[in-house]
Amino acid sequence: MIDIVCCPTPFLVGLLSSSLPKLKELPVEEALMVNLGSDRFIRQMDDEDTLLPRKLQAALEQALERKNELINQDSDSDSDDECNTLNGLVSEVFIRFFVETVGHYSLFLTQNEKGERAFQREAFRKSVASKSIRRFLEVFMESQMFAGFIQDRELRKCRAKGLFEQRVEQYLEELPDTEQSGVNKFLRGLGEE
């Protein structure tokens with residue numbers, strides 16, 4: 001199944017280190033490869049350090065580091081509860097990241113005369129005050145992940161609210177009318193909870 005890594009679609013796959021020589025022979029395009037055993041990149045895209053604005057990257061790293069410190073203080077054992085707590089904390093950091101960088105998307109979903117919902121891409125991107133976040137959104141909005149996310153919201157008939165939608169609703173309720181994006185609040189508060 002190692003040939004699957006040649007697929008041109010986004011995915012995350014794990015391979016044994018014994019497969020590395022064969023992997024290096026395959027025509028793999030646009031892939032980030034990491035040796036988790038040695039914490040080293042095998043192959044990079046050379047844009048890893050520039051995709052995420054420095055302030056957001058620093059806020060994420062700080063929040064993850066604080067969460068890691070909390071886990072280390074709570075217990076010295078590797079119990080299932082500790083692992084679940086750490087997974088939950090990491091999930092929370094990334095949910096908050098996405099809520100506060102793209103959570104205002106619903107403000108830019110409009111309905112046309114046929115009742116179809118359409119996303120106002122450029123208005124969404126321009127609503128963010130930070131130039132570096134707008135540059136991030138330019139790249140992120142071209143990703144398959146974002147396209148699928150917006151397509152799902154445009155076509156959704158039922159308004160079921162998952163965790164992300166619940167957090168977006170809370171976020172939008174707390175958002176001052178003068179601030180379309182809570183990025184500055186995000187930078188201040190990401191690591192605090």
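## Close-up views of a predicted model

View 1. Look for Leu36 in the loop between strand S1 (33–35) and strand S2 (40–43). Leu36 is exposed, at 70% relative accessible area; buried means under 20%, exposed means over 50%, and partly exposed is in between (1.4 Å probe, protein chains only).

A quick note on what you're looking at: this is a predicted model, where local features need pLDDT of at least 70 and side-chain atom pairs count only at pLDDT 80 or more, while totals for chains, interfaces and linings use all residues. Residues are numbered from 1 along each chain as its sequence is written, and side-chain values use heavy atoms, with hydrogens and water left out.

**View 2. The whole fold, before zooming back in.** The protein has eight helices and four strands. These are DSSP runs numbered from the N terminus: helices (H or I) need at least four residues and strands (E) at least two. Follow the sequence and you get α-β-β-α-α-β-β-α-α-α-α-α. Of the 193 residues, 30% are buried.

**View 3. Inside the largest nonpolar core.** This core has 27 residues, and those with the most contacts inside it are Val102, Tyr105, Phe119, Phe124, Leu137, Phe146 and Phe164. To count as a core, buried Ala, Val, Leu, Ile, Met, Phe, Trp, Tyr and Cys residues must be joined through side-chain atoms within 4.5 Å.

**View 4. Arg167 meets Glu92.** Side chains of opposite charge can pair when their charged atoms come close. In this salt bridge, N and O are 2.6 Å apart; the rule asks for a side-chain nitrogen of Lys or Arg within 4 Å of a carboxyl oxygen of Asp or Glu. By this rule the count comes to seven salt bridges. Arg167 is in helix H7 and Glu92 in helix H3, so the pair ties together parts that are 75 residues apart in sequence. Arg167 is partly exposed at 25% relative accessibility, and Glu92 is partly exposed at 32%.

**View 5. Arg121 pairs with Glu142.** Their closest N and O atoms are 2.9 Å apart in a salt bridge. Arg121 lies in helix H4 (residues 121–126) and Glu142 in the loop between H5 and H6, so this pair links parts 21 residues apart in sequence. Is Glu142 buried or exposed? Glu142 is exposed, at 60% relative accessible area, while Arg121 is partly exposed at 35%.

**View 6. Arg117 goes without a salt bridge.** You'll find Arg117 in strand S4 (residues 117–119). Arg117 is buried, and the nearest side chain of opposite charge, Glu154, is 8.2 Å away. The side chain of Arg117 does reach the backbone oxygen of Arg153, at 3.2 Å.

Definitions and conventions: Lys and Arg count as positive and Asp and Glu as negative; His and the chain ends are not counted. A polar contact is a pair of N or O atoms within 3.5 Å; within protein, one must be able to donate a hydrogen and the other to accept it, and residues adjacent in sequence count only if both atoms are side-chain atoms.
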